[in-house]
Amino acid sequence: MTGNQPDHQQSAHEPKHKKDLSRRKVVVAGAGAAVAVGAAGTLAASGAFAGETSTTASASSSSSAAEACYKLTSETTEGPYYIDADKIRQDITEDKEGIPLTLSLKVIDSETCKPIADAAVDIWHCDALGIYSGYEASSTGGGGTPPTDAPSGTPSGTPTGEPPSGAPTGGTGGGVHQDPTDDERYLRGTWKTDRHGQVTFRTVFPGWYRGRCVHIHTKVHVNGEWTDAGYEGGNTCHTGQFFFDEESVLASAEVEPYSTSTTERTTLTEDTIYDQSGTTGGLLKLKYNKKNIAKGVIGSITMGVDPDATNDNTSM
């Protein structure tokens, strides 16, 4: 471990700065890496996967384009559980159980409103019970009981994982990165935006853990190069998080395995990372059957970024 200090102890207003271009080399996942999420997932993802544009994403883009052009999407903490883009894939589900989620994202230049093509977009999040791949020994998850090999020196009752209640609101400070504790990489992936600035991922609806509302992490890398090995160089112009409205989270909590969680949930309004600014702050537009969310969810959002900025939001 490089540190067990929670995110909220980091400065919420670290100055933005430029960094020398660093080599980001990733390995392309094999053909067997993408695992289907079943018939329900197919229903949710129809017309919105493998390069196709979903009608939900198009509607979201057109309705929010004017606002997005004038507002940068909020920068947030990277958190301690980032692993640098080592799975180039759109389907990040692997064998994880949960409500199928199709995530349709669009990246635009916040000043020119033009789509940014060939950007590398990372997403990563916990599973239905609050566990992060690569850090199964560090995250307590939805069982509410810390693992026996939790980092030493952590006071009893102190949440592990990302910032608990009391962390800075809407800050751009980064959490102390921790070294992975295992080789699992489920619910993590990177893919490139098309000429319309769009990229689509297939995953599952995230669960929750102590101190945080339901969320997904993201990074946008630009000015690099796509090679046979993956994506190299460039700068990280955006580090953020996506959030889910309370109605959808409450609905998910009625479905297994989410319903088996014994962890007290932090609501969207209680969360100390979400800045309460709606789409600008990362709030997803969601579409699903209100009577049966288990059939699947489509989430979409347009991210306004500054391609010349460096916003990796890691502790220095």
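**View 1. Val305 sits in strand S10 (residues 297-305).** Helices (H or I, at least four residues) and strands (E, at least two) are DSSP runs, numbered from the N terminus. At 1% relative accessibility, Val305 counts as buried. Buried means under 20% relative accessible area, exposed over 50%, and partly exposed in between (1.4 Å probe, protein chains only). The C-alpha atoms of Val305 and Asp109 are separated by 5.3 Å, although the two are 196 residues apart along the chain. This is a predicted model: local features need pLDDT of at least 70, side-chain atom pairs count only at pLDDT 80 or more, and totals for chains, interfaces and linings use all residues. Residues are numbered from 1 along each chain as its sequence is written, and side-chain values use heavy atoms, with hydrogens and water left out.

**View 2. The chain holds three helices and 10 strands.** From the N terminus on, the order is α-α-β-β-β-β-β-β-β-β-α-β-β. Of the 316 residues, 56% count as buried.

**View 3. Asp127 and Lys96 form a salt bridge, with N to O at 3.5 Å.** Asp127 lies in the loop between strand S2 (120-124) and strand S3 (188-192) and Lys96 in the loop between H2 and S1, so the pair ties together parts that are 31 residues apart in sequence. Asp127 is buried at 9% relative accessible area. Lys96 is partly exposed at 23%. A salt bridge is a side-chain nitrogen of Lys or Arg within 4 Å of a carboxyl oxygen of Asp or Glu. The structure holds six of them.

**View 4. Asp271 pairs with Arg212 in a salt bridge, the closest N and O atoms being 2.7 Å apart.** Asp271 is in the loop between H3 and S9, and Arg212 is in the loop between strand S4 (198-204) and strand S5 (215-222), so parts 59 residues apart in sequence are tied together. Both Asp271 and Arg212 are buried.

**View 5. Glu247 and Lys290 form a salt bridge, the closest N and O atoms being 3.9 Å apart.** Glu247 belongs to helix H3 and Lys290 to the loop between S9 and S10, so the pair ties together parts that are 43 residues apart in sequence. Lys290 is exposed, at 55% relative accessibility.

**View 6. Thr77 contacts the backbone of Gly79 through its side chain.** A polar atom of the Thr77 side chain lies 3.1 Å from the backbone nitrogen of Gly79. Thr77 is in the loop between helix H2 (55-70) and strand S1 (100-109). Thr77 is buried, at 3% relative accessibility.

**View 7. A cis peptide bond joins Glu256 and Pro257, with omega about 5°.** Glu256 is in the loop between helix H3 (246-252) and strand S9 (285-288). Pro257 is found in that loop between H3 and S9. Glu256 is exposed, with a relative accessible area of 62%. Glu256 also belongs to a surface patch of negative charge, with Asp95, Glu97, Glu136, Asp183 and Glu184. Patches are made of residues with over 30% relative accessible area and no salt bridge; like charges are joined within 9 Å, and nonpolar side chains (Val, Leu, Ile, Met, Phe, Trp, Tyr) within 5 Å.

**View 8. Cys113 and Asn223 have positive phi values.** Most residues other than glycine have a negative phi, and most peptide bonds are trans. Phi of Cys113 is near 70°. Cys113 lies in the loop between S1 and S2 and is partly exposed at 32%. Phi of Asn223 is near 65°. Asn223 lies in the loop between S5 and strand S6 (225-227) and is exposed at 55%.

Definitions and conventions:
Areas by Shrake-Rupley, 256 points an atom, 1.4 Å probe, with all protein chains shown as cover. Lys, Arg positive; Asp, Glu negative; His and termini not counted. Charge placed at Lys NZ, Arg CZ, Asp CG, Glu CD. Polar contact = N/O pair within 3.5 Å; in protein donor to acceptor, adjacent residues only side chain to side chain.
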